[in-house]
Amino acid sequence: MPQNQAIKRITEENYDDFRKLHSEIEGEMYWNSDRIYENLHEWNIYGYYEEELLKAAVYYIDETVMLEIFGIDFYEDTFVEAIYRELLIAVLNGGKRLGASYMTYFCDKECQETVSKLGFELVGEYVCYIKQL
């Protein structure tokens, strides 16, 4: 990774970087920036920085034996496969350090090739329905 790029852990000190990025996509989701911050001790968040600008972040929760990735956000909602891959590698290494046995991740079809190359196994397909009342 070039010198002007780095993956850094998101902590209280740099949480505002994550808040700015996540607020662009959070809408009405349950795990919005405020709720994540209130429970930051339960979360592992890694950010991909270029020139001190947070370009993407991955956030996952530690369920002891199993880790679950809740999302990966991109600056200006622009998916970059190379950044995506670097963040997933950071998460997998973080999970190993935590001693977790499994990591769960629900991803879009555009990401399946990358996650498969990193050793994730396809278990099934998740479909979500919504009806406005």
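Select S33, which counts as buried because its relative accessibility is 2% (buried means under 20% relative accessible area, exposed over 50%, and partly exposed in between, with a 1.4 Å probe and protein chains only). The model is a predicted one, in which local features need pLDDT of at least 70 and side-chain atom pairs count only at pLDDT 80 or more, while totals for chains, interfaces and linings use all residues. Residues are numbered from 1 along each chain as its sequence is written, and side-chain values use heavy atoms, with hydrogens and water left out.

S33 belongs to helix 2, residues 33-38 (helices are DSSP runs of H or I with at least four residues, strands are runs of E with at least two, and both are numbered from the N terminus). Show next the residues that S33 touches beyond its neighbours within four places in sequence, namely Y15, R19, H22, S23 and E26 (contact means heavy atoms within 4.5 Å).

From there, move to D16 in helix 1, which covers residues 15-23. D16 counts as exposed, because its relative accessibility is 58%. A C-alpha to C-alpha distance drawn from D16 to F70 reads 19 Å, for a pair that stands 54 residues apart in sequence.

Now select K8 in strand 1, residues 5-9, a residue that is partly exposed, with a relative accessible area of 30%. Between K8 and H22 the C-alpha to C-alpha distance is 16 Å, and their separation in sequence is 14 residues. Apart from neighbours within four places in sequence, K8 is in contact with I45, Y46, G47, Y49 and E52.

E52 is the next stop, in the loop between strand 2 (43-50) and strand 3 (53-63). Its relative accessible area of 62% makes E52 exposed. Most residues other than glycine have a negative phi. E52, although not a glycine, has a positive phi of about 70°. Continue to E76, in the loop between strand 4 (66-74) and helix 3 (81-98), where phi is again positive in a residue other than glycine, near 55°. E76 is exposed as well, with a relative accessible area of 54%.

For the cysteines, select C107 and C111 together. The sulfur of C107 has its closest cysteine sulfur in C111, 5.3 Å away, which is too far for a bond, and the structure holds zero disulfides (a disulfide is a pair of cysteine sulfur atoms within 2.5 Å). C107 counts as partly exposed at 23% relative accessibility, whereas C111, at 5%, counts as buried.

Finally, zoom out to the whole protein chain, which has four helices and five strands in the order β-α-α-β-β-β-α-β-α along the sequence. The C-alpha trace spans about 40 × 40 × 30 Å along its principal axes. Of the 133 residues, 36% count as buried. Among contacts with a separation of 6 or more, 56% join residues 24 or more positions apart.
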